[in-house]
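These are my notebook entries on one structure. I record what I looked up, entry by entry, with the criteria I applied.

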Amino acid sequence: TSLIVVDRSGQEHLLEAMDGRSIMEIVRDSGIDELLALCGGCCSCATCHVYVDEGRASFPPLSDDENDLLDSSSQRTATSRLSCQLIVKGAVAPIRVSIAPAD
Ligand code: FES
């Protein structure tokens, strides 16, 4: 599955979304350094905030923890997710995410 990541300057990056990896890991491994992911993917820091522009149905719904953390962000929108919680799993539709502005 292809993954398009839009960074904070608006530049698009075309990446490969490998099964079993989180969007956060894929973005970080690609060299894009805008996702701090301070907690390392434990759903406790909210510094991996992205907007899922396309492919939302490929991921499970928000957990209560994720929802609470996103509520602490002033940048939350209807498409907000924590990218460490977005595990690629047999997604067939292309995925497009934009990195949210820093809080
Ligand atoms: Fe901390 Fe996602 S990396 S909540």
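This is a predicted model: local features need pLDDT of at least 70, side-chain atom pairs count only at pLDDT 80 or more; totals for chains, interfaces and linings use all residues.

**Entry 1. Conventions.** I take helices (H or I, at least four residues) and strands (E, at least two) as DSSP runs, numbered from the N terminus. I number residues from 1 along each chain as its sequence is written.

**Entry 2. Confidence.** I looked up pLDDT, which is the predictor's confidence in each residue, from 0 to 100. The mean for the protein is 96, and 100% of its residues reach 70 or more. For the complex, the predictor gives an ipTM of 0.99 and a pTM of 0.95.

**Entry 3. L69.** I located L69 in helix α2. For burial I count the other C-beta atoms, placed from the backbone, within 10 Å of a residue's own: 20 or more is buried, 12 or fewer is exposed, and anything in between is partly exposed. L69 has 23 such atoms within 10 Å and is therefore buried. I call two residues in contact if their C-beta atoms, placed from the backbone, lie within 7 Å. Leaving out residues up to four places away in sequence, L69 touches C43, A46 and L82. I also checked L69 against H49: they are 20 residues apart in sequence, and their C-alpha atoms are 9.8 Å apart in space.

Entry 4. C43 has a phi near 60 degrees, a positive value in a residue other than glycine. A46 is not a glycine either, and its phi is positive at about 65 degrees. Their surroundings I recorded separately. C43 has 15 C-beta neighbours inside 10 Å, so it counts as partly exposed. A46 has 24 other C-beta atoms within 10 Å and is therefore buried.

**Entry 5. D68.** Is D68 buried or exposed? I find D68 in helix α2, residues 64-71. It is exposed because 12 other C-beta atoms lie within 10 Å. From D68 to I26 I read 42 residues in sequence and 24 Å in space, C-alpha to C-alpha.

**Entry 6. Elements and sheet.** I count 2 helices and 5 strands in the secondary structure. From the N terminus on, the elements run β-β-α-β-α-β-β. I treat two strands as paired if DSSP finds at least two bridges between them. The 5 strands form an open sheet in the order β2-β1-β5-β3-β4, with mixed pairing. β2 (12-16) and β4 (80-82) stand at the edges with a single partner strand each, so one side of each has no neighbour in the sheet. The twist averages 35 degrees from one strand to the next; I take axes as lines fitted to C-alpha atoms, for helices over the stretch in contact, with angles from 0 to 180 degrees between N-to-C directions.

**Entry 7. β1 and β2.** I find 5 bridges joining β1 (residues 2-6) to β2, and the two run antiparallel. The bridge partner of I4 in β2 is L14, and L3 stands opposite L15. The hairpin has 5 residues between the strands, and G10 takes a positive phi near 90 degrees in it. β2 is hardly covered, since the count of buried residues among its 5 residues is 0.

**Entry 8. Core.** I define a nonpolar core as a set of buried Ala, Val, Leu, Ile, Met, Phe, Trp, Tyr and Cys residues joined through C-beta atoms within 7 Å. Which residues have the most contacts inside the largest nonpolar core? They are I23, M24, V27, C48 and V97, in a core of 21 residues. The elements that give two or more residues to this core are β1, α1 (23-29), β3 (49-54) and β5 (95-99). α1 gives the most, with 4 residues. In soluble globular proteins, nonpolar side chains tend to be buried together. Leaving aside neighbours within four places in sequence, I list L35, A37, G41, C48, S83 and C84 as contacts of M24.

**Entry 9. Whole protein.** I compared the radius of gyration, taken over C-alpha atoms, with the globule rule of 2.2 Å times the number of residues to the power 0.38. For 103 residues a compact globule would have a value near 13 Å, and the protein has 12 Å, which agrees. Along its principal axes the C-alpha trace spans about 30 × 30 × 25 Å. Of the 103 residues, 27% count as buried. Among contacts between residues at least 6 apart in sequence, 67% join residues at least 24 apart.
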